[in-house]
Amino acid sequence: MKLAMIGFGQAGGKIVDKFLEYDERTGSGIVRSAVAVNTAKADLLGLERVPEDNRVLIGQARVKGHGVGADNELGAEIAEEDIDEVQGAIDNIPVHEVDAFLIVAGLGGGTGSGGSPVLAKHLKRIYTEPVYGMGVLPGGDEGGIYTLNAARSFQTFVREVDNLLVFDNDAWRKSGESVQGGYDEINDEIVKRFGILFGAGEVEQGGAVAESVVDSSEIINTLAGGGVSTVGYAAEEVEPEKGGGGLLSRFKGDDSDDGMDTANTTNRITSLVRKAALGRLTLPCEIDGAERALLVLSGPPKHLNRKGIERGRKWLEEQTGSMEVRGGDYPVPDSGYVASVILLSGVHNVPRIKELQQVAIEAQDNIDEIRQESKANLDELVEDDDDELDPLF
Ligand SMILES: Nc1nc2c(ncn2[C@@H]2O[C@H](COP(=O)(O)OP(=O)(O)OP(=O)(O)O)[C@@H](O)[C@H]2O)c(=O)[nH]1
Ligand SMILES: [Mg+2]
C-alpha cells in the first residue's frame, strides 16, 4: 500500500529516511511521499533522502532550531502553534494517491512525542484517509523523563490515530553496543518488518504467479478498529527463482512438482508462521486476545502455497482466539528468503505498556514531590531573611 510518511522528531525522521532507502533498494514503492518535521535544525540537515522541500523546521521563534530537550509539553505546544507550516508540506502530497498517512516518532523525547498526537488529530480532521501512528518506546535505561514522556504521549497518540503500530526499543537493545550502532540495527529491523507488511499490498492482483496476494484493503481492515499493533517476523533462506537452472532444477526438470516438494513447502510455511508469532515481536505481548491478525508470506512464488498459508492462518486463529485472521502471499521472485510477517492488531495483554504507565505515575509523583519540596525550601530560604524586601514583580 502507498503511504504518506511523516517523521516527527529525530527518530521519526531517521526511520522515514530508512524507509526511503528500503524502497530504493527493493523497488517496493510504499513511500508515496515523505515529510520530516523537527524543532532541531541539525537533525533535519542530517537526513539523506527526505526531499529538502519536505523538511519542516518548527518552533524557531521558541527554541531557535535547537530542539525542545525532551520537553514534550513544549513539543505539543509548538506543533499546535506551527501546524500551518506542517500542513504546507503536506499540501505537496498527492493525497488521492495514498492509501493512508503514517506518522513516525520516538515517544520518549520531546518533539516527536509531543507533536505526533497533535498532527494526528489535525490530519484526522482534514482527510478521510486512515491516519496511523508508529510509536517507538524508549529503552528502560534512558531514564524517568523518557518513560514519563512515552507514557503520556502513548495515551494521547493511541486515541488520535486509527491504529498505533508500536516498536519497543527496550525489547531490542543489545548490551555492549554503541547507542548509534544499536539504533542503525534497530531501524533496519523496523523497516524490514513494516516494509514487507506494507509492500505486500503493492503487488498487482491477478499476476500469473500469485495464488492469493494480500491487498492493501486487507491491511487497512486488519488495522481498522484501532488500538495497538505489534508485528512478528521469521525467515528462512531458499534458492531464488531467477538466474536459476542450478544443479537441482536440471536434475528435476521443470515440471517435477512432486508431493514431497509440496509437503516441504507447506511445512516450511507453517513453521515460519509459528516462529514469527512466538518469537520476538516489535512490541512483546501475549498474542492470545489479539482482536485481528494478518499473515503475509513473502518469497519466490515456487516456495509459497495456499495450503501452507491456510494452515498458518488456522493456527493463528486458534492462538489468538480471533475469528478475524487474514492471510495471503507477497511473491518476490528474486528473493533468497521465504519470510513470514504477522500483524497482530488490537492486542491487550502487553506487560510493557502496564509497566510504562506504572513507572510514569511514580515519576509524576516524584516530580510533584520535588516541586513541592523545592518550593518549601525556597520559602524557607526567603523567610529566613529578616529584612523585608519587595519582590521584583
Ligand atoms: N528506534 C530508534 N529509536 C530512536 C532513534 N533515535 C532516538 N530514538 C528513541 O526516540 C526517543 C526520542 O528521541 P528523539 O527522536 O531524538 O527526540 P525528538 O523527538 O527529536 O525530541 P527532542 O530531541 O527532545 O526535541 C529516544 O528516547 C529513543 O528511545 C533511532 O534512530 N531509532
Ligand atoms: Mg531531537
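Student: What makes the approach of the T230 side chain to the backbone oxygen of L283 a polar contact?
Tutor: The backbone oxygen of L283 lies 2.8 Å from a polar atom of the T230 side chain, and a polar contact is a pair of N or O atoms within 3.5 Å, where within protein one must be able to donate a hydrogen and the other to accept it, and residues adjacent in sequence count only if both atoms are side-chain atoms. Before we continue, note that this is a predicted model, in which local features need pLDDT of at least 70 and side-chain atom pairs count only at pLDDT 80 or more, while totals for chains, interfaces and linings use all residues. Residues are numbered from 1 along each chain as its sequence is written, chains are lettered from A and ligands numbered from 1 in the order in which they are written, and side-chain values use heavy atoms, with hydrogens and water left out.

Student: Why is T230 called buried?
Tutor: Its relative accessibility is 0%, so T230 counts as buried, the term for under 20% relative accessible area, with over 50% being exposed and the range in between partly exposed (1.4 Å probe, protein chains only). T230 sits in strand β7, residues 228-237, and, neighbours within four places in sequence aside, its contacts (heavy atoms within 4.5 Å) include L281, L283, I342 and V347.

Student: How do you know that F194 and F198 are stacked?
Tutor: A pair of aromatic rings is described by the distance of the centres and the angle of the planes. Rings of Phe, Tyr and Trp (its six-membered ring) pair if their centres lie within 6.5 Å, and planes under 30 degrees apart count as stacked, over 60 as edge-to-face and the rest as tilted. The structure holds three aromatic pairs; in the pair F194 and F198 the centres are 6.3 Å apart and the planes at 25 degrees, so this pair is stacked.

Student: Which polar approaches does ligand 1 have at V68, G112 and N187?
Tutor: An oxygen atom of ligand 1 is 3.1 Å from a polar backbone atom of V68, a backbone N or O atom of G112 lies 2.8 Å from a ligand oxygen, and a ligand nitrogen is 2.7 Å from an N or O atom in the N187 side chain.

Note on methods:
Helix = DSSP H or I, 4+ residues; strand = E, 2+ residues; numbered from the N terminus.
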